Amino acid sequence: PKGGAPRGATLHAFHELGLAWPCSTDELRSAWRERARRAHPDTGGTHLEFLAVRAAYETIQKFVESRQ
């Protein structure tokens, strides 16, 4: 893989989803689904929590893709 370890906002995104680098796309998807279920407003979370989880997923996804 290209590049190094995540830093800054990307590192925060990994923490938001409870992931460590390196992670597979399957691990990313699984962590996102679990966290999104808990953060979703229909299941007791808040809209802002859900948006943060979605942003974390998108940030990590871009980071992983840029490393391939």
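**Exercise 1.** Leaving aside its neighbours within four places in sequence, which residues is Phe14 in contact with?

*Solution.* Keep in mind that you're looking at a predicted model. What remains in contact with Phe14 is Pro6, Leu19, Ala20, Trp21, Cys23, Ile60 and Phe63.

Next, look at the core. The largest nonpolar core has 15 residues, and Phe14 is among those that touch the most other members, together with Leu17, Leu19, Cys23, Leu28, Val53 and Ile60. Now ask where the core residues come from. At least two are supplied by each of α1 (8–17), α2 (25–39) and α3 (47–66). The biggest giver is α3, with six residues.

**Exercise 2.** Take Ala13 and Thr10 in turn. Is each one buried or exposed, and what does each one touch?

*Solution.* Step one: find them. Ala13 sits in helix α1, and Thr10 is found in helix α1 too.

Step two: check the accessible area against the cut-off, which is under 20% for buried. Ala13 has a relative accessible area of 3%, so Ala13 is buried. Thr10 comes out at 15%, so Thr10 is buried as well.

Step three: list the contacts, again not counting residues up to four places away in sequence. Ala13 touches Ala56, Thr59 and Ile60. Thr10 touches Thr59 and Phe63.

**Exercise 3.** Work out how α2 and α3 pack: at what angle, and how far apart are their axes?

*Solution.* The angle between α2 and α3 is about 170°, and their axes are 9 Å apart. Anything over 145 degrees counts as roughly antiparallel, so α2 and α3 are roughly antiparallel to each other.

Now for who meets whom. From α2 come Thr25, Leu28, Arg29, Trp32, Arg35, Ala36 and Ala39; across from them in α3 are Glu49, Phe50, Val53, Arg54, Tyr57, Ile60, Gln61 and Val64. Sort this contact by class and you get nine nonpolar, two polar and four charged residues.

Let's zoom in on one of the charged ones. Arg35, in helix α2, has a relative accessibility of 17%, so Arg35 counts as buried. Beyond the neighbours within four places in sequence, Arg35 is in contact with Glu16, Leu17 and Val53.

**Exercise 4.** How many aromatic pairs are there, and which kind of pair do Trp21 and Phe63 make?

*Solution.* The count is four aromatic pairs. To describe a pair, you need the distance of the ring centres and the angle of the planes.

For Trp21 and Phe63, the centres are 4.9 Å apart and the planes are at 75°. Planes over 60 degrees apart count as edge-to-face, so this pair is edge-to-face. Trp21 is in the loop between α1 and α2 and Phe63 is in helix α3, so this pair links distant parts of the chain, 42 residues apart.

How accessible are the two partners? Trp21 is partly exposed, at 29% relative accessible area, whereas Phe63 is buried, at 8%.

Now try Trp32 and Tyr57. Their ring centres are 4.9 Å apart with the planes at 35°, so this pair is tilted. Trp32 belongs to helix α2 and Tyr57 to helix α3, so the pair ties together parts that are 25 residues apart in sequence. Trp32 counts as partly exposed at 24%, while Tyr57 counts as buried at 15%.

Finally, follow the ring pairs from Phe14: they link Phe14, Trp21 and Phe63 into a cluster.

**Exercise 5.** Which peptide bond is cis, with omega near 0°, and is Gln68 buried or exposed?

*Solution.* The cis bond runs from Trp21 to Pro22. Pro22 lies in the loop between α1 and α2.

For Gln68, go to the segment after α3. Its relative accessible area is 64%, and the cut-off for exposed is over 50%, so Gln68 is exposed. To finish, go from Gln68 to Ala39: they are 29 residues apart in sequence, and their C-alpha atoms are 29 Å apart in space.

Note on methods: Residues are numbered from 1 along each chain as its sequence is written. This is a predicted model: local features need pLDDT of at least 70, side-chain atom pairs count only at pLDDT 80 or more; totals for chains, interfaces and linings use all residues. Side-chain values use heavy atoms; hydrogens and water are left out. A nonpolar core is a set of buried Ala, Val, Leu, Ile, Met, Phe, Trp, Tyr and Cys residues joined through side-chain atoms within 4.5 Å. Buried means under 20% relative accessible area, exposed over 50%, partly exposed in between (1.4 Å probe, protein chains only). Helices (H or I, at least four residues) and strands (E, at least two) are DSSP runs, numbered from the N terminus. Contact means heavy atoms within 4.5 Å. Axes are lines fitted to C-alpha atoms, for helices over the stretch in contact, and angles run from 0 to 180 degrees between N-to-C directions. Angles under 35 degrees count as roughly parallel, over 145 as roughly antiparallel, 65 to 115 as roughly perpendicular and the rest as oblique. Ala, Val, Leu, Ile, Met, Phe, Trp, Tyr, Cys and Pro count as nonpolar, Asp, Glu, Lys and Arg as charged, and the others, Gly among them, as polar. Rings of Phe, Tyr and Trp (its six-membered ring) pair if their centres lie within 6.5 Å; planes under 30 degrees apart count as stacked, over 60 as edge-to-face and the rest as tilted.
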